[in-house]
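Visitor: I'd like to go through this model with you, starting with the overall picture and then turning to the charged side chains. Could you put it up first?

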Amino acid sequence: MISAVLDHPVAMETVVDNPESIPDYGRALDYISASRLSCWQQCRRKHYFRYIADIPSKPSPAMHLGKVVHATLQQWNLWRWDQIQYTRSDLIRTFLGAWQKEKLDNPVKWKSDLEEVKLRNKAWSLVSTYLDEQVIDEDEDIAGVEVRLEAKLPDLPPVIGIVDLVREGGRIVDFKTAAKSPSEGSIAHVHGTQLAIYALLYRHCTGAREGGLELHHLVKTKEPKVCVSEIDPLGDREIVNVIELLHRYVNAVMAEDYTASPSFMCAGCEHLERCKQWPDSMVKGDTQ
Ligand code: SF4
């Protein structure tokens with residue numbers, strides 16, 4: 001099935017007209033991932049700052065919480081996969097260890113100690129709510145945890161994805177932390193690029209169609225909530241579309257297309273000031 005899809009390569013245009021001016025694409029073309037592609041779809045200039053100028057993101061409380069929740073669920077899945085007995089206390093210890101590790105690796109500037117404690121309590125309440133809701137039967141067979149998938153497709157850099165969990169039957173699961181509940185009417189559309197990349201990679205690496213895709217949102221409302229969205233296996237058209245998108249991505253990066261996409265999201269963009277100073281801020285490695 002996939003091989004039929006791959007018979008439709010979109011021509012990759014080379015835009016280096018002046019051999020003395022070799023563009024620097026940063027790490028944008030080392031490989032392509034769902035997050036790179038989604039960032040580029042959101043705003044090409046933001047993609048430039050993040051992946052071509054290579055300006056690191058400043059650690060934020062939300063990122064800290066998301067990474068620690070993710071690390072804790074990862075360990076929970078690994079124990080289940082290895083059929084190792086564990087208790088809730090073991091998970092709390094894992095959670096606290098992940099919290100400390102993240103503090104050392106990517107220190108956040110907390111407004112106060114209380115802010116950190118509150119967020120840590122919120123993060124654990126998300127994990128414990130997820131476990132209490134028994135979204136996944138703890139005895140269920142697991143096909144894979146943190147599965148690294150890679151596809152080498154014609155005329156493209158490697159496409160890489162790391163899938164949080166593959167449930168029995170080839171159901172691909174991605175864990176997300178979010179400030180509010182996702183909208184069921186648009187969730188498959190909003191996350192369409194990520195879902196299609198995962199489906200493409202799964203099919204490429206296993207030779208089988210995925211059994212379905214699931215987004216498990218752990219929602220940071222006052223009372224933590226869990227929203228599970230189940231999405232049917234994708235159609236072949238969606239796989240063709242995402243391969244075309246991958247080619248468009250490569251072409252745009254090579255064409256040095258850094259078009260801005262101003263929207264309400266700019267207010268929360270960490271590159272807003274740089275963006276306003278464009279093109280003066282178009283300097284690789286600029287870390288103002
Ligand atoms: S401020 Fe807006 S337009 Fe500028 S890089 Fe950020 S998201 Fe893009």
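Guide: What follows is a talk through the fold, the surface and the salt bridges of this predicted model.

Visitor: How many helices and strands are in the chain?

Guide: The chain contains 10 helices and five strands, and buried residues account for 44% of its 288 residues.

Visitor: On to charges, then. How many salt bridges does the structure hold?

Guide: There are 19 salt bridges in the structure. One of them pairs Arg44 with Asp257, whose closest N and O atoms lie 2.5 Å apart. Because Arg44 is in helix α3 (residues 44–52) while Asp257 is in the loop between α9 (236–254) and α10 (272–276), this pair ties together parts that are 213 residues apart in sequence.

Visitor: Is Arg44 buried or exposed, or something in between?

Guide: Arg44 counts as partly exposed, at 27% relative accessibility, and Asp257 is also partly exposed, with a relative accessible area of 24%.

Visitor: Which residue does Lys103 pair with?

Guide: Lys103 forms a salt bridge with Glu116, and here the closest N and O atoms are 3.1 Å apart. Since Lys103 sits in helix α5 (residues 88–105) and Glu116 in helix α6, the pair ties together parts that are 13 residues apart in sequence. Lys103 is partly exposed at 29% relative accessibility, whereas Glu116, at 9%, counts as buried.

Visitor: What about Glu150, where does its side chain go?

Guide: The side chain of Glu150 meets that of Arg148 in a salt bridge, at 2.9 Å from N to O, and Glu150 itself is partly exposed at 25% relative accessibility.

Visitor: Which residues are linked in a network of salt bridges?

Guide: Glu140, Arg167, Arg171 and Glu214 are linked in such a network.

Visitor: Changing topic, which residues gather in the patch of negative charge?

Guide: That surface patch brings together Asp137, Glu138, Asp139, Asp141 and Glu168. Glu138 belongs to the loop between α6 (113–132) and β1 (142–151), and this residue is partly exposed, with a relative accessible area of 32%.

Definitions and conventions. Residues numbered from 1 in each chain as written. Predicted model: local features only at pLDDT ≥ 70, side-chain atom pairs only at ≥ 80, totals over all residues. Heavy atoms only, no water. Helix = DSSP H or I, 4+ residues; strand = E, 2+ residues; numbered from the N terminus. Buried < 20%, exposed > 50% of the residue type's maximum accessible area, 1.4 Å probe, protein only. Patch = residues over 30% accessible without salt bridge, like charges linked within 9 Å, V, L, I, M, F, W, Y side chains within 5 Å. Areas by Shrake-Rupley, 256 points an atom, 1.4 Å probe, with all protein chains shown as cover. Salt bridge = Lys/Arg side-chain N within 4 Å of Asp/Glu carboxyl O. Lys, Arg positive; Asp, Glu negative; His and termini not counted. Charge placed at Lys NZ, Arg CZ, Asp CG, Glu CD.
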